[in-house]
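Thanks for making the time this morning.

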Amino acid sequence: MGIAPGAGLPSSRISDLVLLDAVELSWLIRRREVSCAEVMRTYLDHIDRFNPLVNAIVSRADDEKLLEQAAKRDEELARGEYKGWMHGFPIAVKDLADAEGFPTSKGSPILAGQTADDDEIAVRRMRDAGAIVIGKTNVPEFGLGSHTFNRVFGTTVNPFDPSRSAGGSSGGAAAALSLRMLPVADGSDFMGSLRNPAAFCHVLGLRPSFGRVPKPGFLSEPSVAGPMARTVRDLAMLLSTMAGPDPRAPLGVEQDPAVFAEPLEHRVDGLRIGWLGDFGGYLPTEPGVLAVCASALGTFEEIGCVVEPVERELPVEQAWETFLLWRHWMTGQTLHELHADESTRASLKPEAVFEVEGYLRMGVREIAAALTGRDEWHAHVAALFDDYDFLVAPTAQIFPFDAALRWPSEVGGRTMDTYHRWMETVAPWTLSGHPVINLPAGFGAADLPMGVQLIGPNHGELDLLRLAHAYERASDWVHRVLPPPLR
């Protein structure tokens, strides 16, 4: 549907280095067939050319300093010192995460320019694997809303149509990946921030299970960090770097993350997949969305899976109400001091005020309802895996929308009552904690991308990646269709 297979073959004016998959680039660097300095210079030149089209990468470091770091990586290789599979990779860290020496603005005028003194756990692990941080990727203010715009850096737009949204909150990361300005990217996901922008920008994003990528604290809050990439193999490799136990994270998963660096080829014939669609008409969708997603179901059938519609009724409206409580609780807890201070309250965008005001209305009963509601919803989803090996759902309810909007106020003829109701399709899996991958599904009538969520059992990332890999080998959407500026 939409763009024909074979459309978007790379133009000769685009460097082969940026068109390589991350694993391929890593192999060339390790064999010293290409230098880290050449990789850095090529990527910086490519970013200079294409970033102005979408505004994805912000807070760029000085080019000469970056080239000096790349030269040091080459010197390390010459001495036989190989740091890891990301040796010499340029990366830009999502602007909600701390990267030492770079500002963590979070898209907020209140925090603009404040420099981080240390790396977050996942960022440090990428550096330890050899990556060089070149800047940050743009986000909505405080990561709120799946549309990347803010008053510090402006709007990140879609590589397939610059009049449309790139999604969010990992919108800068998704747009940068799509235009080959980064080999891989980190992201995070409270509601759908690793999935929605990946669908809008025609790349992959994995929301891991709770604890897979370690995070300090004793509460499994909905926000998790995870990898974004253009191939499943690259996604798995980045997960192998970001994941793994850490003494600062008491709820971390103990499994050795090296399993994700193993070959992903695996038999998938006979696997049972449950198609959730719009939950029997509960979710409004833009015309064409479900048709594109249904075409992806055909790909799963082609590789031998059995796809069936999920007939079981699920309390999805109750799950949404529970999600709202968690969103108020966690976001309001973070922002309430800025809201209480009159000097900073006026600088908070309305969506942030909405969350804080919801938090301030919460009491013991609401917190208890958030906890019990989440347990109940998890039980419903866990029961589905008694019947199915995996689940599939649309990643978004609409195609990439007008970037001039704050958020879509209407979908499928229905009014959206909150700034994030239009992306309700991702919320159930945030709430349940199951791992989810966005997979490109194709294009609508306006040649705009759409994706599907492939949902796996709790802590079942490896099997999820194996099935996603088989799907990718059969469809190969990301390689077959490049964004228009790269054609």
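Strand E16, which covers 436-443, helix H15, at 461-475, and helix H16, at 477-480, each supply at least two residues of the lining of the largest cavity. Please keep in mind throughout that what we are looking at is a predicted model. The volume of this largest cavity comes to about 80 Å³, and a search of the whole structure finds four cavities of 30 Å³ or more. If you want to find the place on your screens, the residues that line the largest cavity include Leu 204, Arg 230, Leu 439, Pro 440, Tyr 471, Glu 472 and Trp 477. Sorted by class, that lining has six nonpolar, two polar and three charged residues.

Let me stay with H15 for a moment and turn to its packing against helix H8, residues 232-242, where the two axes come within 9 Å and cross at roughly 160 degrees. Angles over 145 degrees count as roughly antiparallel, and H8 and H15 are therefore roughly antiparallel to each other. Their crossing is left-handed. On the H8 side the contact is made by Val 232, Leu 235, Ala 236 and Leu 239, and on the H15 side by Glu 461, Leu 465, Ala 468, His 469 and Glu 472. By class, this contact of H8 with H15 has six nonpolar, one polar and two charged residues.

Now to the largest pocket, which holds about 1,100 Å³ of space. Its lining is made up of 42 residues, and those that lie nearest its centre are Glu 120, Lys 215, Glu 221, Ser 223 and Val 224. Which helix gives the most to this lining? That is H10, with six residues, while helix H5, strand E8 and strand E10 are among the elements that each supply at least two. The lining divides into 19 nonpolar, 14 polar and nine charged residues.

H10, residues 316-340, also packs against helix H13, residues 364-384, at an angle of about 135 degrees, with the axes 9 Å apart. H10 and H13 are therefore oblique to each other, and H10 passes H13 in a left-handed crossing. Among the residues that meet here are Trp 326 and Trp 329 from H10, and Arg 374 and Trp 377 from H13. By class, the contact has 10 nonpolar, three polar and three charged residues.

Key:
Residues are numbered from 1 along each chain as its sequence is written. This is a predicted model: local features need pLDDT of at least 70, side-chain atom pairs count only at pLDDT 80 or more; totals for chains, interfaces and linings use all residues. Side-chain values use heavy atoms; hydrogens and water are left out. Axes are lines fitted to C-alpha atoms, for helices over the stretch in contact, and angles run from 0 to 180 degrees between N-to-C directions. Helices (H or I, at least four residues) and strands (E, at least two) are DSSP runs, numbered from the N terminus. Angles under 35 degrees count as roughly parallel, over 145 as roughly antiparallel, 65 to 115 as roughly perpendicular and the rest as oblique. A crossing is left-handed if the near helix is turned anticlockwise from the far one by less than a right angle, and right-handed if clockwise. Contact means heavy atoms within 4.5 Å. Ala, Val, Leu, Ile, Met, Phe, Trp, Tyr, Cys and Pro count as nonpolar, Asp, Glu, Lys and Arg as charged, and the others, Gly among them, as polar. On a 1 Å grid over the protein atoms alone, a cavity is a set of points where a 1.4 Å probe fits but cannot get out, and a pocket is an open set with protein on both sides within 12 Å along at least five of seven lines; lining residues have an atom within 4 Å of a point. Grid points are joined across faces, edges and corners, and a volume is the space filled by probe spheres set on the points.
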